[in-house]
Amino acid sequence: MTPGPAFLGYARADGKVGIRNHVLVVPTVICAAVVAERVAAAIAPVGAALPHLAGCGQIGPDLTVTHDTLAAYARHPNVGAVIVVALGCEQVVAQQIADAARQAGRPAHIVSIQAEGGTLRATARGIEIARELAASMDRIERSWCPASSLVLSVKCGGSDYTSGLASNPAVGRLADTLVDLGGAVVLGEIAEIMGAEHLLAARASTPAAGAQLLRVVSRVEAEAMALGVDIRGTQPSPGNIRGGLTTIEEKSLGATHKAGERARLEDVVGYAAPITKRGLTVMDTPGLDVESVTGMVGGGAQIVVFTTGLGTPTGNPIAPVIKVTGNARTAQTMADNIDVDVSGILTAGEPFDAAGRRLFGEVLEVASGRPTAAERLGHREFAIHRRNPTI
Amino acid sequence: VIAAIVVNSGDNVATALESIDAGQTVDAGAVRLTAVDAIPRGHKIALCDIAAGAAVVKYGSPIGTASSPIAAGTHVHTHNVASARGRGDLQAVRRSPDVNPQGM
């Protein structure tokens, strides 16, 4: 057992630490998604598919992002083995996805639908391989790993007034605690930093990191403005506005509390790009929840803490997503989706630090294997961010 | 008396923790005031008079500007606060040749 806070994780050959041990079934292209989902379902819940809409008809940056995101999942520490399901004529190269997994020390197999001779044969071959891999996953045991080996994604969705007043500051205490211990935290959703970027930039550990944050926020704002409409309506969303959030500035100021009060901003990285620094990293993701979480997990986050005032069910195929609400009504009305209720901050005077300590305990429990609500309910949403037209 | 939360001492709005009816007394930390109109749960109430064009401040930072004069005790939301960010609509108006046609 290591000194300090620890959890039972999977120490991987490449030095990373996983908290789940999935057999990942990756379709290279949308045309292979159904076969991939059937293969993964045959070994549920250890099997996890990554159904996606791309993999062909893409040029330039989008093709790179699709390929790199799939490769990032194939070498992710929460994945113990990989099956790549190819069609055979697509752009994303199955061999490269499999190689990414092998270079990280994981077994990887390729099943090609055209080479196997159709849906039925490819599915049968995939399930045969999947069952062997699932049996071998059972033989890999958990061991004590330090909390500092965690990369925590912080996220909010379905925000209301309680998000900025209760759940986000509580998650911020968790983020500061993890960074103090030597761990890493990643914050995405650039549009939801708009209006609060001055506070994050002031915490940058280097002038370059602060300047890069301001550049990325300006770029996203310019992209939104180029469409010639008011960002209000999507930022904040209609539900956000009903919930009391008036402007994107107000939403952002509440949202960035998730990233802690004192953790230094160390790095700003592209979508699904590797998170290499301890401390706080900002990732360039859109505000759409599933695209954002998909990117941050691709960057290496093993676990997601996701606050919601209105309540939202989404998860991820390979990373547990812990749902936290500061809204006492939502804790009751969407009880099956909520893991941690911190509404006592507003209704019973629970201090932020106490709520943060509860969240840290929850993170260690979930990292050690306890399923989250999203995992129990089978929420495995996955969506790769796209910026360019399909050609 | 209904409670409203003031996050930062520099704020000129507070957040209602329960729905407030017009005329009800609101306890917002150091300030006690009367609600001018109904304020839904989770929405904001002005702690002081805010002039049109002045910053609306929450979390100690500006969250937008008052688009009309806001009296103390008034509901503060999208009807009287404009965002300063992501306003592609204003940019489009500025760029449009039809906005200032000759002779007007």
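1. Accessibility classes used below: a residue is buried under 20% relative accessible area, exposed over 50%, and partly exposed in between (1.4 Å probe, protein chains only). By that scale Asp353(A), with a relative accessible area of 45%, is partly exposed.

2. Basis of the note. This is a predicted model, in which local features need pLDDT of at least 70 and side-chain atom pairs count only at pLDDT 80 or more, while totals for chains, interfaces and linings use all residues. Residues are numbered from 1 along each chain as its sequence is written, chains are lettered from A and ligands numbered from 1 in the order in which they are written, and side-chain values use heavy atoms, with hydrogens and water left out.

3. Sheet in chain B. Six strands of chain B form an open sheet with mixed pairing, in the order 4-3-1-2-5-8. Helices (H or I, at least four residues) and strands (E, at least two) are DSSP runs, numbered from the N terminus; two strands pair if DSSP finds at least two bridges between them.

4. Three bridges link strand 2 (residues 13-16) and strand 5 (residues 44-46) of chain B in the antiparallel sense. Val13(B) has Ala46(B) as its bridge partner in strand 5 of chain B.

5. Extent of the A-B interface. Chain A contributes 33 residues and chain B 30 residues to the contact, where contact means heavy atoms within 4.5 Å. About 2500 Å² is buried between chain A and chain B, 54% of it on carbon and sulfur atoms. Buried area is the accessible area (1.4 Å probe) that two parts lose on being put together, summed over both.

6. The rule finds six salt bridges between chain A and chain B, a salt bridge being a side-chain nitrogen of Lys or Arg within 4 Å of a carboxyl oxygen of Asp or Glu. Among them is the one between Arg85(B) and Glu197(A), at 2.7 Å from N to O.

7. The chain A side. Helix 6 (161-180), helix 7 (197-201), helix 8 (207-225), helix 9 (238-242) and helix 10 (248-255) of chain A each give two or more residues to the side that touches chain B. The largest share, five residues, comes from helix 10 of chain A. The residues on this side divide into 14 nonpolar, eleven polar and eight charged. Here Ala, Val, Leu, Ile, Met, Phe, Trp, Tyr, Cys and Pro count as nonpolar, Asp, Glu, Lys and Arg as charged, and the others, Gly among them, as polar.

8. Salt bridges overall. Over all chains the count is 26. One of them joins Glu375(A) and Arg20(A) at 2.8 Å, N to O. Glu375(A) lies in helix 15 (residues 373-376) of chain A and Arg20(A) in the loop between strand 2 (17-18) and strand 3 (22-27) of chain A, so the pair ties together parts 355 residues apart in sequence. Glu375(A) is partly exposed at 26%, whereas Arg20(A) is buried at 8%.

9. Helix 6 of chain A. Arg173(A) forms a salt bridge with Asp353(A) (3.3 Å, N to O). Arg173(A) lies in helix 6 and Asp353(A) in helix 14 (residues 352-367) of chain A, so parts 180 residues apart in sequence are tied together. Asp180(A) forms a salt bridge with Arg262(A), the closest N and O atoms being 2.3 Å apart. Salt bridges that share partners also join Arg219(A), Glu223(A), Asp284(A) and Arg387(A) into one network.
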